Amino acid sequence: MAGRDPGRRGERRPAERLPIARVCVDLSNPHLNHAFDYLVPADLDEDAAPGVRVRVRFAGQHLDGFLLERVERSEVPPARLVWLERVVSPEPVFDREMAELTRTLADRYAGSHYDLLRLAVPPRHARVEREPVGEPAPDPAPPPGEAWDRYPLGGAFLEAVRGGRPARAVWQAMPGEDWPARLAELAAAAASTGRGALLVVPDYRDLRRVGQACASLMGPDVVATLSADLGPAKRYRQWLRVSRGQARVVVGTRAAALAPVRDPGLVAIWDDGDEEHAFPRVPYPHVREILTTRARVAGSSLLVGAFTRSVEAQLFVESGWAREIAPTREQVRVAAPRVDAAGDETQLARDPAARSARLPGIAFEAARAALSSGAPVLVQVPRRGYVPALACASCRAPARCRRCAGPLALPAGDDGTPLPPACRWCGSPEAGFRCAQCGSRRLRATVVGARRTAEELGRAFPGAVVRTSGGEEVLHDVPAGPALVVCTPGAEPVVPGGYGAALLLDGWAFLGRPNLRAAEEALRRWFTAAALVRPAGEGGRVVVVADPGLSPVRALVRWAPAWHASRELAERRELGFPPTVRMCALDGGPAALAEMLDTLTLPPTAEVLGPVPVEPRGAPGPGAGGGDDAGGPRERVLLRVPVEHGRELVAAVAAATAVRSARKDTEVVRVRVDPPDPL
């Protein structure tokens with residue numbers, strides 16, 4: 001039901017065929033998360049096709065909507081049906097398959113169907129929509145397959161894509177692999193048979209590399225690139241090329257995961273453990289889950305690739321749902337650099353400070369050897385800037401602002417010089433620091449950033465060129481030749497021929513975070529950097545400054561990402577954390593959470609963990625986050641069930657949210673299904 005028509009019904013005549021339009025309306029109320037029926041007037045019959053944007057009247061307001069389907073009759077009494085106001089554009093923006101996919105994902109994440117459709121369809125640009133429609137690009141030639149034949153089962157997967165047979169695989173790329181070219185070959189294999197391909201990467205740097213590889217192999221007319229960084233007109237133009245069938249291969253960031261690729265024969269995600277693959281907007285879907293669902297709905301092949309292995313990808317392999325494509329140990333030994341961990345027994349005998357020094361002797365030796373051979377050195381640090389965080393020099397307690405208890409840091413001036421300590425939340429300077437724990441007035445840096453590291457290395461290696469990459473100044477590539485390249489994780493430039501050495505500093509800063517994925521994330525970032533280094537046979541060397549007894553460090557030294565992922569998965573299974581269970585996190589005020597729990601009808605196997613207090617998201621202050629995020633105590637409750645009862649749990653949470661919405665409860669409870677960090 002959509003409310004009463006304020007106009008006179010006799011003035012308009014309904015369409016003769018399929019006069020009822022089912023519309024997904026832009027409504028934020030969870031209890032209204034379903035389609036509404038509207039009468040299609042005869043003058044809109046031709047334009048009101050499934051998949052178009054429409055405007056409708058709802059509760060006295062004009063709202064946007066998407067027309068899902070046309071049907072013959074409605075369960076709503078005819079006297080209560082309202083006319084469809086207008087068709088915003090006759091351009092279809094999704095098809096039946098996309099409607100089914102977004103509805104499935106909305107149910108998977110306890111979200112609204114409109115929120116998923118809004119992620120799938122970019123904002124309209126009328127001028128671009130009126131531009132002439134080009135001809136579909138011709139099918140590209142079948143790609144060569146020699147590179148995939150190096151992997152056991154790699155050639156078989158390529159043949160499955162080329163033959164249109166659905167296959168699922170988890171790909172561990174070997175060190176130094178030209179992975180953009182390999183993904184382009186798979187996309188070309190699908191496109192050569194007349195089907196589509198979708199390749200999703202974490203960021204614009206990867207998008208640039210994969211887009212260039214695809215255009216070089218298939219021609220620019222076959223490929224469309226999609227990302228949120230494109231301007232409105234350019235993004236909509238590229239999106240229309242895909243929707244109209246002009247471009248058969250789509251390369252993009254997470255914004256492209258729901259691109260309207262026609263008849264996809266392949267969907268692939270690179271580096272699925274990267275946090276950039278998680279949408280920051282409600283209902284917080286993950287690209288990996290979108291593509292696995294899409295592969296099932298469309299009957300296409302699926303590839304999950306990276307240099308390392310996420311826990312979710314390892315579960316795919318161990319459950320038999322996907323096959324493993326990985327190099328043999330002999331291939332790894334030939335292609336990988338030599339990896340050393342600072343602080344093993346041999347190094348301690350030569351350098352007693354190897355475990356405590358930020359740049360131990362072994363790191364200096366590796367850097368000197370690479371520079372003397374004319375090769376660049378990659379230096380990875382956890383943070384950008386100068387000195388991002390401060391702590392008491394005596395007791396190591398975090399340095400806090402006296403006004404708002406925010407963390408203190410040393411901000412950098414316009415010329416790059418450090419300024420006096422200041423709060424990172426409220427910005428107040430702190431000239432007279434005094435530790436609340438021990439009373440000391442001395443400060444120390446807890447994590448030294450990229451800029452400070454570059455200064456230190458410049459003094460340690462006089463005459464060497466020092467480049468930095470991170471923040472707003474990210475380098476795509478650097479020329480070959482002796483240089484020190486200091487970067488933050490994810491901003492590592494590519495160099496022709498590879499780096500001579502890589503120094504992975506401050507490993508404790510990665511591994512010591514109170515985060516369920518701390519070890520997995522540290523290893524992912526280390527492998528990403530180490531894969532850019534030359535093979536050991538050519539002098540390539542990696543030094544990681546971290547405790548050599550820790551399993552992530554051992555996995556890097558042995559170049560065994562699957563081994564570490566298997567250990568992590570076993571620990572998650574023992575502790576009852578995703579992905580071995582289904583979990584919902586509920587965040588809100590104590591009263592709202594208690595009310596939500598009273599409303600829930602949970603499956604018998606459900607466990608309720610909490611509530612526990614949590615810090616407010618973002619910086620404190622009025623209006624932070626909206627609703628009850630603005631202030632007051634917040635708590636978190638975790639709901640956990642076995643995987644086979646996951647749908648029941650999500651349905652119960654969605655039903656309770658709808659009840660609170662119908663009662664017009666004002667306190668917000670944020671729902672997140674399978675949170676990446678439930679701790």
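In this predicted model, the buried residues of helix α2 are His113, Tyr114, Asp115, Leu116, Leu117, Leu119 and Ala120. That is seven of the eight residues in the helix, which spans 113-120, so α2 is largely enclosed by the rest of the structure. The cover over these buried residues includes strands β1 (20-25) and β4 (61-71) along with helices α1 (96-108) and α8 (232-243). Zooming out, the protein chain carries 20 helices and 27 strands, and 54% of its 679 residues are buried. Of the contacts with a separation of 6 or more, 74% link residues 24 or more positions apart.

Glu129 sits in helix α3 (residues 126-129) and has a relative accessible area of 11%; since buried means under 20%, Glu129 counts as buried. Leaving aside residues up to four places away in sequence, Glu129 touches Arg53, Ser89, Glu91, Arg124, Tyr236, Leu240 and Arg244.

Next come the helix pairs. Two packed helices are described by the angle between their axes and the distance between the axes. For α6 (residues 179-191) against α7 (residues 204-218), the angle is about 50 degrees and the axes are 8 Å apart, which makes α6 oblique to α7. The crossing of α6 past α7 is right-handed. On the α6 side, the residues involved are Trp179, Pro180, Ala181, Ala184, Glu185, Ala187, Ala188 and Ala191, and they meet Asp206, Arg209, Val210, Ala213, Cys214, Leu217 and Met218 of α7. Sorted by class, that contact has twelve nonpolar residues, three charged ones and no polar ones.

The pairing of α10 (residues 311-318) with α18 (residues 561-575) has its axes coming within 9 Å and crossing at roughly 90 degrees, so α10 and α18 are roughly perpendicular to each other. Here α10 brings Val311, Gln314, Leu315 and Glu318, while α18 supplies Ala562, Ala565, Ser566, Glu568, Leu569, Arg572 and Arg573.

A few backbone details are worth a look. Most residues other than glycine have a negative phi, and most peptide bonds are trans. Against that background, the bond from Pro578 to Pro579 is cis, with omega near 10 degrees, and Pro579 falls in the loop between α18 and β24 (581-588). Gly610 and Pro611 are also joined by a cis peptide bond, with omega about 10 degrees; Pro611 lies in strand β25 (residues 607-614).

As for positive phi, Ala59 comes in near 55 degrees despite being a residue other than glycine. Ala59 belongs to the loop between β3 (53-58) and β4 and is exposed, at 67% relative accessible area. Asp263, not a glycine either, has a positive phi of about 45 degrees. Its loop runs between β10 (249-252) and β11 (264-270), and at 45% relative accessibility Asp263 is partly exposed.

Finally, Gly471 lies in the loop between β20 (466-469) and β21 (484-487) and is partly exposed, with a relative accessibility of 39%. Gly471 and Ala491 are 20 residues apart in sequence, and their C-alpha atoms are 8.2 Å apart in space.

Technical notes
Residues are numbered from 1 along each chain as its sequence is written. This is a predicted model: local features need pLDDT of at least 70, side-chain atom pairs count only at pLDDT 80 or more; totals for chains, interfaces and linings use all residues. Side-chain values use heavy atoms; hydrogens and water are left out. Helices (H or I, at least four residues) and strands (E, at least two) are DSSP runs, numbered from the N terminus. Buried means under 20% relative accessible area, exposed over 50%, partly exposed in between (1.4 Å probe, protein chains only). Contact means heavy atoms within 4.5 Å. Axes are lines fitted to C-alpha atoms, for helices over the stretch in contact, and angles run from 0 to 180 degrees between N-to-C directions. Angles under 35 degrees count as roughly parallel, over 145 as roughly antiparallel, 65 to 115 as roughly perpendicular and the rest as oblique. A crossing is left-handed if the near helix is turned anticlockwise from the far one by less than a right angle, and right-handed if clockwise. Ala, Val, Leu, Ile, Met, Phe, Trp, Tyr, Cys and Pro count as nonpolar, Asp, Glu, Lys and Arg as charged, and the others, Gly among them, as polar.
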